[in-house]
Amino acid sequence: MVGKENFWTGIIDQPLANSAENVESIMQGQCEDVKAASRGLIEARFVKLAFTTKTTGSMWSTQEMKLQFGSPKPIKVEKTALKLSDVNDSYSPSDYAFDLFTTQYKFRILTMKLGAVYPIELVLDEDIFCQTRDLYPDGIAVSKHKGSIVVQNDLDSHFHCNSLRTQRNALR
């Protein structure tokens, strides 16, 4: 400890400011709501996207051959590393998707860039975005160009506010 005050005491005990830890449970709740509203005909999923690289042709390119058959490349390995799971990436935003699906078809409603804290960015399907862009309350930044909305805090309250506004407009 340097000086008389412990710098870490206030940091470790504080909750994470603008935490987005409830977003996954909110979206899972939306999945359940879709199934209930459609009486089980339509389901929804909220998933973290995972990508892989595929080779499209049967022949390897020169670059791929060099990678496959070239000499092994040295990798820098930290000697002092702890043998523990590294959670640094858990604070980096990841890509998620919200899809509706039946037994035959799938429709991607939105993709989301979700990290540990707000803001979170959602990119909606273009048609949905065009039909709903004027319905979003304060606290959501709406891009007119790329179908993107940015939620600054509390996704749950925005779902309820937007849902109520949509229902009210439908009754008119």
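Is Thr 132 buried or exposed at 17% relative accessibility? Thr 132 counts as buried, where buried means under 20% relative accessible area, exposed over 50% and partly exposed in between (1.4 Å probe, protein chains only). The structure is a predicted model, in which local features need pLDDT of at least 70, side-chain atom pairs count only at pLDDT 80 or more, and totals for chains, interfaces and linings use all residues. Residues are numbered from 1 along each chain as its sequence is written, and side-chain values use heavy atoms, with hydrogens and water left out.

Thr 132 belongs to helix α4, which spans residues 126-132. Helices (H or I, at least four residues) and strands (E, at least two) are DSSP runs, numbered from the N terminus. A polar atom of the Thr 132 side chain lies 2.8 Å from the backbone oxygen of Ile 128. For reference, a polar contact is a pair of N or O atoms within 3.5 Å; within protein, one must be able to donate a hydrogen and the other to accept it, and residues adjacent in sequence count only if both atoms are side-chain atoms.

The chain contains 5 helices and 6 strands. Their order along the sequence is α-α-β-α-β-β-β-α-β-β-α. The chain has 172 residues, and 21% of them count as buried. Its accessible surface is about 13900 Å², with 55% belonging to carbon and sulfur atoms. Accessible areas come from the Shrake-Rupley method with a 1.4 Å probe; for residues, only the protein chains shown count as cover. Among contacts (heavy atoms within 4.5 Å) with a separation of 6 or more, 53% are between residues 24 or more positions apart.

Salt bridges were examined next. The structure holds 4 of them, each defined as a side-chain nitrogen of Lys or Arg within 4 Å of a carboxyl oxygen of Asp or Glu. Side chains of opposite charge can pair when their charged atoms come close. Lys 35 pairs with Glu 43, and their closest N and O atoms are 4.0 Å apart. Lys 35 is partly exposed at 41% relative accessibility. Glu 43 is also partly exposed, at 32%.

A salt bridge also joins the side chains of Arg 45 and Asp 99, at 2.9 Å from N to O. Arg 45 is in strand β1 and Asp 99 in strand β2, so this pair ties together parts that are 54 residues apart in sequence. Arg 45 is partly exposed, with a relative accessible area of 33%. Asp 99 is buried, at 0%.

Asp 95 forms a salt bridge with Lys 113, with 2.9 Å between the closest N and O atoms. Asp 95 lies in strand β2 and Lys 113 in strand β3, so the pair links parts that are 18 residues apart in sequence. Asp 95 is partly exposed, with a relative accessible area of 29%. Lys 113 is partly exposed at 38%.

Ser 94 counts as buried because its relative accessibility is 16%. Leaving aside residues up to four places away in sequence, Ser 94 touches Lys 48, Met 112, Lys 113 and Leu 114.

Two backbone features stand out. Most residues other than glycine have a negative phi, and most peptide bonds are trans. Arg 39, a residue other than glycine, has a positive phi near 55°. Arg 39 sits in the loop between α2 (23-37) and β1 (43-48). At 78% relative accessibility, Arg 39 is exposed. The peptide bond joining Tyr 118 and Pro 119 is cis, with omega about 5°. Pro 119 is in the loop between β3 (106-114) and β4 (120-124).

Phe 7 lies in helix α1, residues 7-13. Phe 7 is exposed, at 58% relative accessibility.

The structure holds 0 disulfides, counted as pairs of cysteine sulfur atoms within 2.5 Å. Cys 31 is buried at 7% relative accessibility. Cys 130 is partly exposed at 41%.
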